[in-house]
Amino acid sequence: MNRTLTLGERLSRANWLLLGLGVLLSLVGVVTVGAAAQGQRLDYGWLQVRWTVIGIALCLLMLAIPYRTIVAWRFVIYAGGIALLLAVLFLGRGGRTAQRWLQFGPLRMQPSELMKVVMVLMLAGFIRYRD
């Protein structure tokens, strides 16, 4: 049986305890950042809320994509990650002393953080298909 599960089947099989604990941990982070940023010029608490909501939405989006599709695209995803790492050399912005941030309009990102997830994906694909 090698068929692709429907979205409803994937949602019913999801580990909701793990997802709930992740959301709870994110909310603790929001409260912590909000408390630490009291009196700051920029409201870091609301920025943390925004990124938490975006992260949860991306998590649900990834849940909707069959994992076989993600594994099949692992080399393309890896190449994109490498391209972002190389872009840091030429387009990177310094955040104090290190040049490791990329700026895309209002969005700033560190490609090295994305590559941590991509490397897990690559290693999983390697272990699964090594024979």
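This is a predicted model: local features need pLDDT of at least 70, side-chain atom pairs count only at pLDDT 80 or more; totals for chains, interfaces and linings use all residues.
Residues are numbered from 1 along each chain as its sequence is written. Local features need pLDDT of at least 70, side-chain atom pairs count only at pLDDT 80 or more, totals for chains, interfaces and linings use all residues, and side-chain values use heavy atoms, with hydrogens and water left out.

Student: Which element of the protein chain has the highest mean pLDDT?
Tutor: pLDDT is the predictor's confidence in each residue, from 0 to 100. The chain mean is 84, and 93% of residues reach 70 or more. Strand 1 (residues 93-94) has the lowest element mean, 70. The highest, 92, belongs to helix 5 (residues 74-91).

Student: Are helix 2 and helix 3 roughly parallel or roughly antiparallel?
Tutor: Axes are lines fitted to C-alpha atoms, for helices over the stretch in contact, and angles run from 0 to 180 degrees between N-to-C directions. The axes of helix 2 (residues 16-36) and helix 3 (residues 44-64) come within 8 Å and cross at roughly 165 degrees. Angles under 35 degrees count as roughly parallel, over 145 as roughly antiparallel, 65 to 115 as roughly perpendicular and the rest as oblique. Helix 2 is therefore, relative to helix 3, roughly antiparallel.

Student: Is the crossing of helix 2 and helix 3 left-handed or right-handed?
Tutor: A crossing is left-handed if the near helix is turned anticlockwise from the far one by less than a right angle, and right-handed if clockwise. Helix 2 passes helix 3 in a crossing that is right-handed.

Student: Is T52 buried or exposed?
Tutor: T52 lies in helix 3 and touches S26 and V30, leaving out residues up to four places away in sequence. Buried means under 20% relative accessible area, exposed over 50%, partly exposed in between (1.4 Å probe, protein chains only). At 12%, T52 is therefore buried.

Student: How do helix 5 and helix 6 cross, left-handed or right-handed?
Tutor: The axes of helix 5 and helix 6 (residues 111-128) come within 10 Å and cross at roughly 155 degrees. That angle makes helix 5 roughly antiparallel to helix 6. The crossing is left-handed.

Student: How many nonpolar residues does the contact of helix 5 with helix 6 have?
Tutor: Helix 5 contributes residues including R74, F75 and G81. Helix 6 contributes others, among them P111, S112 and G125. By class, three are polar and one is charged, while the nonpolar residues number 14.

Student: How far from I65 is L5, C-alpha to C-alpha?
Tutor: L5 is partly exposed, with 22% relative accessible area. Not counting residues up to four places away, L5 touches R10 and R13. L5 and I65 are 60 residues apart along the chain, yet their C-alpha separation is 9.8 Å.

Student: Which residues does Q110 contact, leaving aside neighbours within four places in sequence?
Tutor: Q110 lies in the loop between strand 3 (107-109) and helix 6. Q110 counts as buried, at 18% relative accessibility. The contacts are R100 and W101.

Notes: Helices (H or I, at least four residues) and strands (E, at least two) are DSSP runs, numbered from the N terminus. Contact means heavy atoms within 4.5 Å. Ala, Val, Leu, Ile, Met, Phe, Trp, Tyr, Cys and Pro count as nonpolar, Asp, Glu, Lys and Arg as charged, and the others, Gly among them, as polar.
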